[in-house]
Amino acid sequence: ILMQRRLFLYNFRNLRKAKGRRETYLCYVVKRRDSATSCSLDFGYLRNQMGCHVEVLFLRYIAAWDLDPGRCYRITWFTSWSPCYDCAQHIASFLRSYPNLSLRIFMARLYFCEERKAEPEGLRRLHKAGAQIAIMTFKDYFYCWNTFVENREQAFKGWEGLHENSVHLARKLRRILLPLYEVDDLQDAFKILGL
């Protein structure tokens with residue numbers, strides 16, 4: 001089942017201040033990688049359910065597949081919000097349990113809980129666990145529109161500020177992950193120097 005256009009446009013709009021958007025939507029593609037080729041296994045979308053964040057719902061869904069440990073899988077998510085701290089922890093733990101699985105997450109907006117402000121640390125831990133995380137660009141919205149949305153063959157038209165907001169959010173994400181990049185660069189430098 002495809003997502004309604006209005007749901008996608010409302011929930012995935014990359015506004016800097018997205019008041020009133022309380023649900024998280026997650027569009028996903030699951031592929032099995034066989035040498036140089038890949039085979040799509042499933043795609044669709046989920047949203048938060050009462051008392052359960054969408055990321056945890058997806059992890060439960062994919063864990064039930066009983067993935068073959070001898071094969072490699074790649075999962076791609078497009079989410080309306082970045083994961084909260086707790087979800088980032090769950091995802092990182094899941095990735096450590098499934099070393100044959102890679103995860104790419106493209107996010108429309110960055111979520112920060114007002115009470116805890118722990119989300120940046122959650123994103124850093126998620127990245128360190130091997131997840132590739134990035135902000136959605138026009139190309140990602142275009143792909144989602146054509147893959148997950150009931151678009152009635154209408155072309156995707158970006159909204160005013162889409163590119164500027166993507167650039168702003170990407171810079172913000174880069175600043176969050178910067179300490180990790182610096183540590184990785186130092187570790188690489190130490191390896192080169194034999195220290």
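E121 and R125 form a salt bridge, with their closest N and O atoms 3.1 Å apart; the term here takes a side-chain nitrogen of Lys or Arg within 4 Å of a carboxyl oxygen of Asp or Glu. Both residues sit in helix 4, four residues apart, or about one turn of the helix. Keep in mind that this is a predicted model, where local features need pLDDT of at least 70, side-chain atom pairs count only at pLDDT 80 or more, and totals for chains, interfaces and linings use all residues. Residues are numbered from 1 along each chain as its sequence is written, and side-chain values use heavy atoms, leaving out hydrogens and water.

**Salt bridges**

- The count comes to four salt bridges.
- E121, R124 and R125 are linked in a network of these bridges.
- E121 counts as partly exposed at 31% relative accessibility, and R125 does too at 37%; buried means under 20% relative accessible area, exposed over 50%, and partly exposed in between, with a 1.4 Å probe and protein chains only.
- E23 pairs with R47, their closest N and O atoms being 2.5 Å apart.
- That pair ties together distant parts of the chain, 24 residues apart: E23 is in the loop between helix 1 (5-11) and strand 2, while R47 is in strand 3.
- E23 is partly exposed at 30% relative accessibility, and R47 is partly exposed with a relative accessible area of 34%.
- R152 bridges to E150, with the closest N and O atoms 3.5 Å apart.
- R152 counts as exposed at 58% relative accessibility, whereas E150 is partly exposed at 36%.

- Five strands make an open sheet in the order 3-2-4-5-6, with mixed pairing; two strands pair if DSSP finds at least two bridges between them.
- Strand 3 (37-47) and strand 6 are at the edges with a single partner strand each, so one side of each has no neighbour in the sheet.
- Neighbouring strands are turned by 15° against each other on average, direction ignored; axes are lines fitted to C-alpha atoms, for helices over the stretch in contact, and angles run from 0 to 180 degrees between N-to-C directions.
- Strand 2 and strand 4 pair in the antiparallel sense over eight bridges, and L26 has T79 in strand 4 as its bridge partner.
- Strands (E, at least two residues) and helices (H or I, at least four) are DSSP runs numbered from the N terminus.

**Helices 2 and 3**

- Helix 2 lies across strand 2, strand 3 and strand 4, running at about 30° to strand 2.
- Helix 3 has 13 residues and reaches 19 Å from its first C-alpha to its last, close to the 18 Å expected at 1.5 Å a residue; that expected span is 1.5 Å times one less than the number of residues.
- Buried residues of helix 3 are Y85, C87, A88, I91, A92, F94 and L95, and their cover includes helix 2, strand 4, strand 5 and helix 4.

**Nonpolar cores**

- The largest nonpolar core has 29 residues, of which F58, I75, W77, M107, L110, I133 and L173 touch the most other members; such a core is a set of buried Ala, Val, Leu, Ile, Met, Phe, Trp, Tyr and Cys residues joined through side-chain atoms within 4.5 Å.
- Apart from this core lies another, of 19 residues, among them F8, M136, C144 and W145.
- Leaving aside neighbours within four places in sequence, L173 is in contact with M107, L110, L123, I133, A134 and I135, where contact means heavy atoms within 4.5 Å.
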